[in-house]
Protein chains: 2
Amino acid sequence: MKTVHVHLGERGYDILIAPGLLEKAGDLFLKNRVGKRIFVVANDDVFQLYGQSLLEQLRERFEATEILIPDGEKHKNLVTVENIYTYLIAQGADRDATLVALGGGVTGDIVGFAAATFLRGIRYIQVPTTLVSQVDSSVGGKTGVNYHLAKNMIGAFYQPHLVYIDPNTLSSLPEREFQSGLYEVVKYGLIYDAEFLSYLDCHLEAIKQRDPAILEQVIGRCCEIKAEITSLDERESDLRRILNFGHTFAHALEAVNAFQGITHGEAVGYGMVAATRLSRSKGLLKPEQAEHIEGVVRKIGPLPSIEDVSAERMLESMERDKKRKEGQIMVVLLKEIGRTLIQPGGEAEISEIWEELRSAC
Amino acid sequence: MKTVHVHLGERGYDILIAPGLLEKAGDLFLKNRVGKRIFVVANDDVFQLYGQSLLEQLRERFEATEILIPDGEKHKNLVTVENIYTYLIAQGADRDATLVALGGGVTGDIVGFAAATFLRGIRYIQVPTTLVSQVDSSVGGKTGVNYHLAKNMIGAFYQPHLVYIDPNTLSSLPEREFQSGLYEVVKYGLIYDAEFLSYLDCHLEAIKQRDPAILEQVIGRCCEIKAEITSLDERESDLRRILNFGHTFAHALEAVNAFQGITHGEAVGYGMVAATRLSRSKGLLKPEQAEHIEGVVRKIGPLPSIEDVSAERMLESMERDKKRKEGQIMVVLLKEIGRTLIQPGGEAEISEIWEELRSAC
């Protein structure tokens, strides 16, 4: 078992990673000082796959109950959060209760926010079951829901009590969703660790085969990097923004597509290619490094077409993005693999890069 | 001007207290590093009294707008919070926006929670205009709203950027509301500072006359005590519970009365008398001290009748109270003036004390 500690003083917590971990939840939750009442929150599908057996595990040591929530981003809203509150109140949950977020990033965000705000904050445990949530959203304490059309508008920084990752859950993930997670994995190498990027490049086939031992290493390294960054900058003031590498483009692309037809990971894939090209065109990154990076990203898998997404629509969307500061569109750029800087992108340059990218589709 | 710092590291903040402070808000907010967009949230009445002139002050230095919310505890709910979100989004508020909570505790709780959860947390400034909120709810970072019938069920611990207290606002407070605040003032002496209790006892008439210079001292000392306690225990794990002196009874009494006919302060007044008598009956507090304490509390003003509130109903309500732990009703008790301890109250003893108290009404 790999253990990564997130250093945040009294808000610090462990990330446990091992194939088969879900089968040991009763003992390991107990060892990690969880109160006696546990509510496992999941959507129907995930509950069928992993929830029922997790509950059985937990019931040997705790009072454990499930709370089912509807599936999908469109239910990531205050209505779902309120339904969780209502259930908790009906069950007489007190400050010692623990919520378990079993599922992908949407479930984690919703449950984290419910935990952050119920009785001014109760314990929650992230049990991410998708690759994206295992390497990204389950670590760092970002919680929240969408509000009308605005993504993650309402939320809180609120750290989990524990992150509990079983790479075996990835075996049930559809190919496209697994690949989408790999873009976020590669991102860590690009922004923080050139050696890790080489490792990923060399082991890409074994990773795609979902070899559990290699996945434990890969997920572990991603969590270490994210833990390091978020413990230095809990509330996203500066350093943490490098995690948004590729995301200025990705968020815009997702918004233009109304979150249809492209996954978040795929949008990040395009975003990283665009940010890499922008870094090269600004003379920050050497052309051969830029080509190498694009090669690694492209090797992950095919990206859906973006030929009908014009640069004009991308820019319009970026204007509305909340990461926009002082009238400038800020972009995370690369100086070399593992070294970033944040600069205004420049509308004309962004536009040119995007048109070049989509016309090659 | 009296300045009290709340020591909470990077979440630390100042409490400024002075008669006439509202007229200097433009300069003092600027000195305290507030972003350029400010939203002043208040109900209609408070906005008429202080909001309009505050906005004029602020507009000399900032972009300032008002957000009006409906008055009263029954609007302390997620609907009001959502209306604030919607307004902020419509106005294009970003992470650099600042909310100002201008009003009593209800406004402070709502605005603090909106600030805690909008874009995962933006700055807010407490500008409390009632005595209770100046000495209690504006300091300490407890924010939240009611959920259906459950008080403060949804909320967050989220510290303000600044607490900004102008005792001159108390001149517009109805007599009964001002007196209600005095119960909370006396509470600080009882739980923490015997000398302060003597000071209050000696100066009660001048305080009741609302002498601004004396109020600055009194409010300042209350804030110091609350700041000391909350900085040692931000998330109410233990020490902070002594602030609940009188509140086990008060919450039950308010709930039994469905929050009608008795103010929170008055309920705390009864609660402190009951807790004092309980402390004496348990042999913790000397009879002459208990009598002295009850005398000080009673001198504040007349308390409304509780003769139709039976001990049975009080106990039923306490059972439901979230402060109940491990099947016991926990009560903050006094060993002497300024020294507390927390113990199970004991249902029979609570019942006896309450019946004695109400039959004397």
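Helices and strands here are DSSP runs numbered from the N terminus, and helix and strand axes are lines fitted to C-alpha atoms, with angles taken between N-to-C directions. The model shown in all views is predicted.

**View 1. Seven strands of chain A form an open sheet.** The strand order is S1-S2-S9-S6-S5-S3-S4, and the pairing is mixed. Strand S1 (2–6) and strand S4 (63–69) of chain A are the edge strands, each pairing on one side only. From one strand to the next, the twist averages 20°. Strands of a sheet pair through backbone hydrogen bonds, in either a parallel or an antiparallel manner.

**View 2. Strands S2 and S9 of chain A run parallel.** Strand S2 covers residues 13–17 of chain A and strand S9 covers residues 162–165, with 4 bridges joining them. A:Asp14 has A:Leu162 in S9(A) as its bridge partner.

**View 3. A:Val297 sits in helix H11 of chain A.** Helix H11 comprises residues 287–299. A:Val297 has 23 other C-beta atoms within 10 Å and is therefore buried, the cut-off for a buried residue being 20 or more. Leaving aside residues up to four places away in sequence, A:Val297 touches A:Tyr183, A:Val186, A:Gly269, A:Met272 and A:Val273. A:Leu182 is 115 residues from A:Val297 in sequence, yet the two are 8.9 Å apart in space, C-alpha to C-alpha.

**View 4. Chain A and chain B meet in a contact with 19 residues from each chain.** On the side of chain A that touches chain B, helix H3 (78–90), helix H4 (105–117), strand S7 (142–147) and strand S8 (150–157) each supply at least two residues. S8(A) gives the largest share, 6 residues. By residue type, this side of chain A divides into 11 nonpolar, 4 polar and 4 charged.

**View 5. Chain A superposes on chain B by a rotation of 180°.** The shift along the axis is 0.0 Å and the RMSD is 0.0 Å. The two copies are thus related as by a two-fold rotation axis. Both copies use the same surface, as 100% of the contact residues of chain A recur in chain B.

Methods: Residues are numbered from 1 along each chain as its sequence is written. Chains are lettered from A and ligands numbered from 1 in the order in which they are written. This is a predicted model: local features need pLDDT of at least 70, side-chain atom pairs count only at pLDDT 80 or more; totals for chains, interfaces and linings use all residues. Two residues are in contact if their C-beta atoms, placed from the backbone, lie within 7 Å. Ala, Val, Leu, Ile, Met, Phe, Trp, Tyr, Cys and Pro count as nonpolar, Asp, Glu, Lys and Arg as charged, and the others, Gly among them, as polar. Copies are superposed by least squares on the C-alpha atoms of residues with pLDDT of at least 70 in both. Two strands pair if DSSP finds at least two bridges between them. Axes are lines fitted to C-alpha atoms, for helices over the stretch in contact, and angles run from 0 to 180 degrees between N-to-C directions. A residue is buried if 20 or more other C-beta atoms lie within 10 Å of its own, exposed if 12 or fewer, and partly exposed in between; C-beta atoms are placed from the backbone.
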